[in-house]
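These are my notebook entries on a structure that I was asked to examine. I looked up a helix pair, the ligand surroundings and the backbone.

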Amino acid sequence: MTAAGEAVGLFERSYGAEPTQLWSAPGRVNLIGEHTDYNDGFVLPFAIDFRTVLALRPRSDGRIRVASTFADDVVDVEVNELGDIFPGDRDRVAEWARYPLGVVWALAELTGKTGHGADLAFASEVPVGAGLSSSAAIEAATATAIDALWNLGLDRPTLARASRRAENEAVGAPTGIMDQMASLLGEADSAIFLDCRSLDAEVVDLGFDGAGLELLVMDTRVSHAHSTGGYGDRRAACERGAKALGVRALRDVTIADLERARELLDDETFRRVRHIVTENQRVIDTVDTLAMAGPRAIGPLLDASHASMRDDFEISVPELDLAVETAREAGAIGARMTGGGFGGAAIALIERGTADTVARAVSRAFADAGYVAPSVFPVTAAGGARRDG
Ligand code: GLA
């Protein structure tokens, strides 16, 4: 069944009525630019053809009810109550419900306006825990729907900021803004070249199809959560590095500054900084290379990005390294882990028609290593959050 069919079915079972609106928002793959977003740097993500669907029916009172195919229970709150729940008392609502309710809260806080409540039901095709931003898809679908429901008239970068606030404060994951921007601004066949300081976004033609290429996702099925552990540690290391170097954010450090950074910083912090500084440059180089030489020429940049995350930023895991190496040996033009790391998915840029060969090679390598079978599938760049009905 489609996610839309599932969302409608769940809505009817949960609330005994039919939804009157359908909204959807995509997950994302980041082509390059990892952990650069919260350093005010550059990223190049694209929205993918896997979406979260939100079935909705406005209510005439101030209640918000949320149901999801991930959970058995409906969460039921008053819009007016959200300010008491978030951020301090978030344990009052189930974790999955903090994403949509956090967005409703963040929009109310931002605008000082609220409107009527609504009944909401979510179903998703975006695999959870795969590093494909299933959470941003929920947030973006909610943000666009509530913006319309309450007549807020906010632009998409503002909706992305509110969604990030929900993730940071209502959920408690210290993430940047890349995923929400990708889910809200995505366009077919294109990536979004985003300056995370100004939020200036440029649509960049990927040209994979025209060049006879495909992009494969290799989900290691090693799941991760950014509200705990490594992600926050990396963020703290970057902030420490920026402070020691006397800059507002690592975005302001250039490759030429790295020599001085090596003298000032301890080895680990230096390597964290070097990843961010070189990764920012790789994003810019990827955008230039796509325009001047086409997508076939970006392979070495993808490979260098993976090496930097594995060796300097240390956010890869053996399963991601194996997926990347095996894909390359099986003919991929370039491959790298994507997303926050510590699990999730890698991507490989491959010749059209070789997806089965690469997928088989990766599955075999995982079986030989005794790892859980990976899930390997192609993705294409798709449009951002929208109303579907
Ligand atoms: C996660 C976060 C993003 C970004 C990436 C790493 O997806 O949600 O904000 O930091 O990790 O690039």
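The entries below follow the order in which I looked things up.

Entry 1, the model. I note at the outset that this is a predicted model.

I looked up helix α11, residues 318–329, and helix α12, residues 355–369. Their axes come within 9 Å and cross at roughly 140 degrees. Angles over 145 degrees count as roughly antiparallel and 65 to 115 as roughly perpendicular, and α11 and α12 are therefore oblique to each other. I recorded the crossing of α11 past α12 as right-handed.

I then asked which residues of α11 meet α12. From α11 they are Glu319, Leu322, Ala323, Thr326 and Ala327. On the α12 side I found Val358, Ala361, Val362, Ala365, Phe366 and Ala369. Sorted by class, this contact has nine nonpolar residues, one polar and one charged.

I found 14 residues surrounding the ligand, and the closest are Glu34, His35, Asp37, Asp179 and Tyr231. Glu34 places a polar side-chain atom 2.7 Å from an oxygen atom of the ligand. For Asp179, the distance from a polar side-chain atom to a ligand oxygen atom is 2.6 Å. Gly340 has a polar backbone atom 3.3 Å from an oxygen atom of the ligand.

Most residues other than glycine have a negative phi, and most peptide bonds are trans. I looked for departures from this pattern. The peptide bond from Phe86 to Pro87 is cis, with omega near -5 degrees. Pro87 sits in the loop between α2 and α3. Asp189 has a positive phi, near 60 degrees, and I located Asp189 in the loop between α6 and β7.

How values were computed. Residues are numbered from 1 along each chain as its sequence is written. This is a predicted model: local features need pLDDT of at least 70, side-chain atom pairs count only at pLDDT 80 or more; totals for chains, interfaces and linings use all residues. Side-chain values use heavy atoms; hydrogens and water are left out. Axes are lines fitted to C-alpha atoms, for helices over the stretch in contact, and angles run from 0 to 180 degrees between N-to-C directions. Helices (H or I, at least four residues) and strands (E, at least two) are DSSP runs, numbered from the N terminus. Angles under 35 degrees count as roughly parallel, over 145 as roughly antiparallel, 65 to 115 as roughly perpendicular and the rest as oblique. A crossing is left-handed if the near helix is turned anticlockwise from the far one by less than a right angle, and right-handed if clockwise. Contact means heavy atoms within 4.5 Å. Ala, Val, Leu, Ile, Met, Phe, Trp, Tyr, Cys and Pro count as nonpolar, Asp, Glu, Lys and Arg as charged, and the others, Gly among them, as polar. A residue is near a molecule or strand if one of its heavy atoms lies within 4 Å of it. A polar contact is a pair of N or O atoms within 3.5 Å; within protein, one must be able to donate a hydrogen and the other to accept it, and residues adjacent in sequence count only if both atoms are side-chain atoms.
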